[in-house]
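Colleague: I am new to reading models like this one. Could we go through it in short questions and answers?

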Amino acid sequence: TAAGYRSRLDHRILPHLGDLRLRKVTPSVLAAWIEGHEGAPASRAKSWRVVSQVLDHGRRLGWLSRNPAAELKAPSVPAPVVHAPDPGEVQRALATLEQASPEAFLFILLLAATGARRGEVAGLRWRDVDGPVVTIARSVVRGTDGLHVRPYPKGRRPRSVTVDAAT
């Protein structure tokens, strides 16, 4: 997450707004910047949120009397169109995967059965399984220096999920 924010700042925000004094960052400057922002609508919206949060922090610290981003409407992101495969396609893909790579099959099965994130499934240990109850207690995350095990999942609190007998 920190690396993502750093990259967004370095490539999308600071080259365009970084040399401006805070009092020069006006709603019209922000509108022109976001209009010229390259990338997908979701990328524009993420950059907007970062700039808005930074400016709001400056307001809370007393560096600004108001957040100029608050005077504008945030960029919209169209709802994605999801093309879900039919159940037969899913069953065939899972059967093929089970034959080709039982470990990958189990990983995908646990993702689907628990609703956990990739890093949370990667962080599972046998001690987290008690019959049909799977406890999501940690997460594997990628840092700038490699993979690390966080002693907590995304919500910072362990959660238990009951899976069916077939899983």
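Modeller: Start with one term: contact means heavy atoms within 4.5 Å. Also keep in mind that this is a predicted model.

Colleague: Which residues does Pro132 touch, not counting residues up to four places away in sequence?
Modeller: Pro132 lies in the loop between strand 1 and strand 2. Apply the contact cut-off of 4.5 Å and leave out residues up to four places away in sequence. The residues that Pro132 touches are then Val161, Thr162 and Val163.

Colleague: Is Pro132 buried, partly exposed or exposed?
Modeller: Buried means under 20% relative accessible area, and exposed means over 50%. Pro132 has a relative accessible area of 44%. That value falls in between, so Pro132 is partly exposed.

Colleague: How far apart in space are Pro132 and Trp48, C-alpha to C-alpha?
Modeller: In sequence, Pro132 and Trp48 are 84 residues apart. In space, C-alpha to C-alpha, the value is 43 Å.

Colleague: What is the order of the strands in the open sheet of three strands?
Modeller: Take the pairs in turn. Strand 1 and strand 2 run antiparallel and are joined by two bridges. Strand 2 and strand 5 (residues 159-162) also run antiparallel, joined by four bridges. The order is 1-2-5.

Colleague: Which residue in strand 5 is the bridge partner of Val133?
Modeller: Val133 belongs to strand 2 (residues 133-136). In strand 5, the bridge partner is Thr162.

Colleague: Which residue in the turn of the hairpin has a positive phi?
Modeller: The hairpin is formed by strand 1 and strand 2, with two residues between them. The phi in question is about 65°. The residue is Gly131.

Colleague: Which residues make up the covered face of strand 2?
Modeller: In a regular strand the side chains alternate between the two faces of the sheet. On the uncovered face of strand 2 are Val133 and Thr135. The covered face has Val134 and Ile136.

Colleague: Is Asp128 buried or exposed?
Modeller: Asp128 sits in the loop between helix 6 (118-122) and strand 1 (129-130). Its relative accessibility is 7%. The cut-off for buried is under 20%, so Asp128 counts as buried.

Colleague: With which side chain does the side chain of Asp128 make a polar contact?
Modeller: Leaving aside neighbours within four places in sequence, Asp128 is in contact with several residues, including Gly123, Thr135 and Arg138. The polar contact is at 2.5 Å. The partner is the side chain of Arg138.

Colleague: At what angle do helix 1 and helix 3 pack?
Modeller: Several residues meet here, including Ile13 and Leu17 in helix 1 and Val50 and Val51 in helix 3. The axes are 10 Å apart. The two helices are roughly perpendicular to each other, as the angle is about 80°.

Note on methods. Residues numbered from 1 in each chain as written. Predicted model: local features only at pLDDT ≥ 70, side-chain atom pairs only at ≥ 80, totals over all residues. Heavy atoms only, no water. Buried < 20%, exposed > 50% of the residue type's maximum accessible area, 1.4 Å probe, protein only. Polar contact = N/O pair within 3.5 Å; in protein donor to acceptor, adjacent residues only side chain to side chain. Pairing = 2+ DSSP bridges. Axes fitted to C-alpha atoms, helices over the stretch in contact; angles between N-to-C directions. Parallel < 35°, antiparallel > 145°, perpendicular 65-115°, else oblique.
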